[in-house]
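The following note sets out points for a colleague who wishes to read the model alongside its sequence. The points move from the sheet to the ligand, then to charged pairs and individual residues.

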Amino acid sequence: MSLIGSPSTATRFSFEVFPARTAAAALALGHAVQHLAAAGPDFVSVTYGANGSSRAETLDLLRYLREQTGVLPMAHVTTVGSSRAELRELLHGFLDAGIHDFLALRGDPPRGVPEQDFDPADALSSLELTELIAEVRAARPPLTSVGRIAVAAYPNGHPRSRSRAADLDWLVAREQAGASMAISQLFFRAEEYLGFVEEARAAGLTIPVLPGLMPVTTDRQLRRVAELAGQPAPPGLLAELEAAGGYAPELGVAHTVELARELIAGGAPSVHLYTFNRHEAVLAVLRELRLLTPDPLA
Ligand code: FAD
C-alpha cells in the first residue's frame, strides 16, 4: 500500500531500474530485482529508451515485475518518435498487460541529437501525454485502470527552462491534467530540492514531489550524474572517490544517506532511488536510514 504524501506516516521509498541489454545483464537484473522487491518499495519504475527504442524490453521487465515479484510496476513512457495513435496503442498494450502506473515524459532526444537542436514541436509534450493517459483510461471499462500518473521535475532547471516560474506553472498544469506525483531529476544538495518544493507549493502544486537520489559507486558515474543534473559534482565526494582509486561504493552510500536525512527532516515524503540495476548500494542507504523493516538481507 502506498503511503506517499501523508506527512504523518513513515518515509517511504521506490526504485528505478532499466531494461537489461544483454542476456548476462538480464540474469543479474533478475537477481537485483528480487532483492529490491523484498525491501517492499511503493513501486519500481522501468525506464523507456530514447525514441521508444526499448519498447519490448521495457514491457518485458514490467511484466516480470508484475508476475514474479510483489511490487507495483510503473512504466516510463516517452513521446519522442511516436505519433499520438502509436502512443494510444502503446498505452492500451501496457494496460492490457496489467501495467496501470505511468511516468509521462517527453523523453530524451534521439541518440546523437543535442537537446538544444531538438524541436519540441516534433513530439507530444509531457502535458499532452498526461492528458492522453487520462483519456485512454477513461475509454476503458471501469476498474480496469486505476493507476497513477507521475511526471518529471527539475529542481535545478532543465536545458529547456524558460524561467523558474514557467517551470513551476508547467508542473502545476500537469497536476491539473491528472498527474498525482512528480519525481525529481538528480541533485546533490538538500536545499535545491527543498527550495524547489517550497516554491512549487506557493505556485499551487499539491501533489508529492519525490526526490530522485542515486548512490554513485565510481568517480566516472558521479561525473555522468552531474552532467544529467546540470550541476557540478560535489567536489569533496569527487576528490574522495578519486583518492580511493575511482571505485568506492561506501562513499556514495554515505553521501546519499546524509542527503536523504536532510530531505526527510525537511519534509520529503518518500525517496526515489536510481538503482543502476544493482541492489547493494540502495539497500545499504535504506538500511542506514532505518527504512527497511524487516531488513531483507539481514
Ligand atoms: P517536458 O515536459 O518537455 O519538460 C522539460 C522542460 O522543458 C520543463 O521542465 C520546462 O523547463 C520546459 N518546458 C517544456 N514545455 C514547457 C511549457 N509549455 N512551458 C514552460 N516550460 C516548458 N528520458 C527517457 O528517454 N526515458 C526515460 O525513461 C526517462 N526517465 C526519466 C525519469 C525521470 C525521473 C526524469 C527526471 C527524467 C527522465 N528522462 C527519461 C529524461 C527526460 O525525458 C528528459 O529530461 C527530457 O528532456 C524532458 O522530459 P520531460 O517529460 O520533463 O519534458
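1. The model is predicted. Its open sheet has 9 strands with parallel pairing, in the order β7-β6-β5-β4-β3-β2-β1-β9-β8. The edge strands are β7 (209–210) and β8 (212–213), each of which pairs on one side only.

2. The neighbours of β9. Strand β9 covers residues 270–274 and pairs with β8 in the parallel sense over 2 bridges. With strand β1 (residues 12–17), β9 also pairs in the parallel sense, here over 5 bridges. Individual residues can be followed across these pairings: H272 in β9 is the bridge partner of G212. L273 in β9 has F15 opposite, and L213 also stands opposite L273.

3. Burial of β9. Is this strand buried or exposed? Of its 5 residues, 5 are buried, so β9 is largely enclosed by the rest of the structure. In a regular strand, side chains alternate between the two faces of the sheet. In β9, S270, H272 and Y274 point one way, V271 and L273 point the other way, and all are buried.

4. Composition of the ligand shell. Of the 24 residues around the ligand, Y48, S126, Y154, D167 and W170 come nearest. By class, the shell comprises 9 nonpolar, 8 polar and 7 charged residues. The elements β3 (73–78), β4 (101–105) and α5 (164–176) each supply at least two residues of this shell. Which of the elements gives the largest share? That share comes from α5, with 4 residues.

5. Y154 places a polar side-chain atom 2.7 Å from an oxygen atom of the ligand. The side chain of H76 has an N or O atom 2.8 Å from an oxygen atom of the ligand. For D108, a backbone N or O atom is involved instead, lying 3.0 Å from an oxygen atom of the ligand. The ligand taken alone exposes 960 Å², and the protein buries 89% of that area.

6. How many salt bridges does a search of the whole structure find? The search finds 12. In one of them, R106 pairs with E115, and the closest N and O atoms are 2.9 Å apart. Both R106 and E115 are buried. A network of salt bridges links R106, E115 and R160.

7. A salt bridge within a helix. R224 and E227 form a salt bridge in which the closest N and O atoms are 3.6 Å apart. The two residues lie in helix α7 (residues 219–229); because they are 3 residues apart there, about one helical turn separates them. R224 counts as partly exposed, because its relative accessibility is 46%. E227 has a relative accessibility of 60% and therefore counts as exposed, the cut-off for that class being over 50%.

8. R278 forms a salt bridge with E280, and the closest N and O atoms are 2.9 Å apart. E280 has a relative accessible area of 37%, so it is partly exposed.

9. Positive phi values. Most residues other than glycine have a negative phi. Two residues deserve a check on this point. F276, in the loop between β9 and α10 (280–288), is not a glycine, and its phi is positive, near 55°. With 48% relative accessibility, F276 counts as partly exposed. R290 likewise is not a glycine and has a positive phi of about 60°. R290 is placed in the segment after α10, and its relative accessible area of 71% makes it exposed.

10. The position of S180. Where does S180 lie? S180 is in the loop between α5 and β6 (181–184). At 29% relative accessibility, S180 counts as partly exposed. P120 is 60 residues from S180 along the chain, and the C-alpha atoms of the two are separated by 24 Å.

Conventions
Residues are numbered from 1 along each chain as its sequence is written. This is a predicted model: local features need pLDDT of at least 70, side-chain atom pairs count only at pLDDT 80 or more; totals for chains, interfaces and linings use all residues. Side-chain values use heavy atoms; hydrogens and water are left out. Two strands pair if DSSP finds at least two bridges between them. A residue is near a molecule or strand if one of its heavy atoms lies within 4 Å of it. A polar contact is a pair of N or O atoms within 3.5 Å; within protein, one must be able to donate a hydrogen and the other to accept it, and residues adjacent in sequence count only if both atoms are side-chain atoms. Accessible areas come from the Shrake-Rupley method with a 1.4 Å probe; for residues, only the protein chains shown count as cover. Ala, Val, Leu, Ile, Met, Phe, Trp, Tyr, Cys and Pro count as nonpolar, Asp, Glu, Lys and Arg as charged, and the others, Gly among them, as polar. A salt bridge is a side-chain nitrogen of Lys or Arg within 4 Å of a carboxyl oxygen of Asp or Glu. Buried means under 20% relative accessible area, exposed over 50%, partly exposed in between (1.4 Å probe, protein chains only).
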